[in-house]
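Please brief me on the strands, the helix packing and the charged pairs in this model.

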Amino acid sequence: MFRIASVFSSNMVLQREKNVEVWGEADDGALISVTISDVKTQTIAKNGKWKAVLPPMLAGGPFEMDVFCILNKEGKEIKESLRFYNVMIGEVWLCGGQSNMELELQNCKGGKEVLESLKPDCGVRFYYTSKCHMVDDELYRAEKNSGWSEAGKESSAAWSAVGFFFARKLSKDLGVTVGLIGCNWGGTSASAWMDRKTIEDSRETASYIEEYDAAVRSKPIELQIKEYDEYAEYQQAWWERSQEIFAKEPNCSWDRIQELCGESKYPGPMNCKNEYRPAGLYETMLMRVCPYTLRGFLYYQGESDDHKPNSYYKLFTNLIGLWREKWGDDELPFIMVQLPMFKYEQDPDFKHWCLIREAQMKAFKTVKNTGIAVISDCGEFNNIHPVDKVPVGERLCLQAESLVYGKKIEAFGPIYKSYEYKDGGMELSFDHADKGFKVKGDKIVGFEIAGEDKLFKRAAAEIRGNKIFISAPQVKEPRYARYDWFNWIDVSIFGKNGIPLAPFRTHSNDQD
């Protein structure tokens, strides 16, 4: 037996200037050697597994990488080898999260035009982690057929659009090849990307496990699989019917679709095969590419945890800590996307996305070596999948260049810092606002102010250099303020660099 993890293939990108881990499976006692360019390392297989560590290398390529296995068995020397071609050494980032990280280049705004002219030498390469529901034969078959791909009209169509625009800018600015590992699945909670122990060990997040256990209690695995497979067959047929309706009536309502097509049973029975189960994709996807040597993580998620917004900070920060632990580096850079403005037309403004955004900003401020891309202006009304991903990817890149690569650039828009009661209103101060603000539209909107009664009133806003003064005639003695505290509102305040003022409230602990 001799195998290497499926994430290693021709066209791959290895992380420059860091020890590079290479691993796989082999019979005990086998001597494994890994060679790339003039660099070589060796290891001995134990307990059916092996891991070799290449020393830090400078960016470059293309190279060939050879992996040899030598085993003495019953007096015979058995030799096996693998050779990977067109290997580059550059920068590697993992793209985690749900559907807005998953949204494909071919489906984003301007994506088809980008694909038409995309060439392999654009400096971006991609590995898509196999998307399977369970660790089973289907997963092993999918991994066997997986591999790194170079850029091209056909090969890049299904790449993460956010990831691509991040990597395209980073590659151009640094002059090195950037490799992306896509590890995402639409509709998933952060709990899907964590191990069971981490979720259930926290009182604030344990309900994810408790609800799952209740759903599968007394159900044998065989029955769970049967129920899921029946659901998947039904839902696929339902989806095909619904697409026919949408093709004829693009604005057809959800209720009308279900009237015409029957009930949608999405997301299906919560059981051992459902991709949305807690700890599921952690096992079937994340751990299949761990610990591939990375520069850091990019993460766009939170939409599917809006039903439990008050526990998201704990869930999210525990995820960051877990991923860093599994990659063996408690300072591995982690750059998140803050959720944009969004609301379905038929829904009231529940303000639960406000709480998710606040949790993401709090994570940025409290967890070391993190970055945040503020994209409140990039949402679309009634569309949870906004298609303009260029600013999202490029703002992530600005964060990476500032946080990781030491570039002195303006990576942030204004972020709330403090307040002062003044002149019957509140004067607000901000970080990253030294050059002042830029207003979009005829007037500033989005500010609200309240007194002790916490009844918020729309506030007038006046820009005073790098500060903003707000007031309302109905609020004589202000105490609380907030900005863009809506699931959806037009964004009106930006930094001079075009990045929006991040939504905020002045008193997160006693304002509800």
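The model is predicted. Another open sheet has three, in the order β1-β3-β6. The structure also holds 33 salt bridges. One of these pairs links Arg 505 in strand β24 with Glu 358 in helix α11.

- Inside the order, β18 covers residues 447-450 and β22 covers residues 480-483. Four bridges pair β18 with β22 in the antiparallel sense.
- Ile 449 gives a residue-level reference point: Ala 481 in β22 stands opposite Ile 449.

**The three-stranded sheet**

- The sheet β1-β3-β6 is open, and its pairing is antiparallel.
- Its edge strands are β1 (2-4) and β6 (49-54), and each pairs on one side only.
- On average, neighbouring strands of this sheet are turned by 25° against each other, direction ignored.
- Strand β3 spans residues 20-26 and is joined to β6 by six bridges. The two strands run antiparallel.
- Within that pairing, Val 22 has Ala 52 in β6 as its bridge partner.

**Pairings of strand β8**

- Strand β8 covers residues 76-97. Its pairings described here involve β2, β7, β11 and β12.
- Strand β2 (residues 13-15) runs parallel to β8, with three bridges between them. Gln 15 has Gly 90 in β8 as its bridge partner.
- Strand β7 (residues 60-73) runs antiparallel to β8, and 11 bridges join the two. Cys 69 has Glu 80 in β8 as its bridge partner.
- β7 and β8 also form a hairpin, with two residues between the strands. In the turn, Glu 74 has a positive phi of about 55°.
- Strand β11 (residues 178-184) pairs with β8 in the parallel sense over seven bridges. Gly 182 in β11 stands opposite Cys 95.
- Strand β12 (residues 296-300) runs parallel to β8, joined by five bridges. Tyr 300 in β12 stands opposite Gly 97.

**Packing of α4 against α12**

- Helix α4 (residues 161-174) packs on helix α12 (residues 390-403) at an angle of about 45°. Their axes are 7 Å apart.
- That angle makes α4 oblique to α12.
- The crossing of α4 past α12 is right-handed.
- On the α4 side, contact residues include Val 162, Phe 165, Phe 166 and Leu 170.

- The side chains of Arg 505 and Glu 358 meet in a salt bridge, at 2.8 Å from N to O.
- The pair links distant parts of the chain, 147 residues apart. Arg 505 belongs to strand β24, whereas Glu 358 belongs to helix α11 (residues 352-366).
- Is Arg 505 buried or exposed? Arg 505 counts as buried, because its relative accessibility is 8% and the cut-off for buried is under 20%.

**A salt-bridge network**

- Salt bridges link Lys 422, Asp 423, Glu 427, Glu 462, Arg 464 and Lys 467 in a network.
- Glu 427 forms a salt bridge with Lys 422. The closest N and O atoms of this pair are 3.4 Å apart.
- Glu 427 counts as buried at 6% relative accessibility, whereas Lys 422 counts as partly exposed at 31%.
- A salt bridge also joins the side chains of Glu 462 and Arg 464, at 3.5 Å from N to O.
- Glu 462 is partly exposed, with a relative accessible area of 41%. Arg 464 also counts as partly exposed, at 28% relative accessibility.

Definitions and conventions. Residues numbered from 1 in each chain as written. Predicted model: local features only at pLDDT ≥ 70, side-chain atom pairs only at ≥ 80, totals over all residues. Heavy atoms only, no water. Pairing = 2+ DSSP bridges. Axes fitted to C-alpha atoms, helices over the stretch in contact; angles between N-to-C directions. Salt bridge = Lys/Arg side-chain N within 4 Å of Asp/Glu carboxyl O. Buried < 20%, exposed > 50% of the residue type's maximum accessible area, 1.4 Å probe, protein only. Parallel < 35°, antiparallel > 145°, perpendicular 65-115°, else oblique. Left-handed = near helix turned anticlockwise from the far one by under 90°. Contact = heavy atoms within 4.5 Å.
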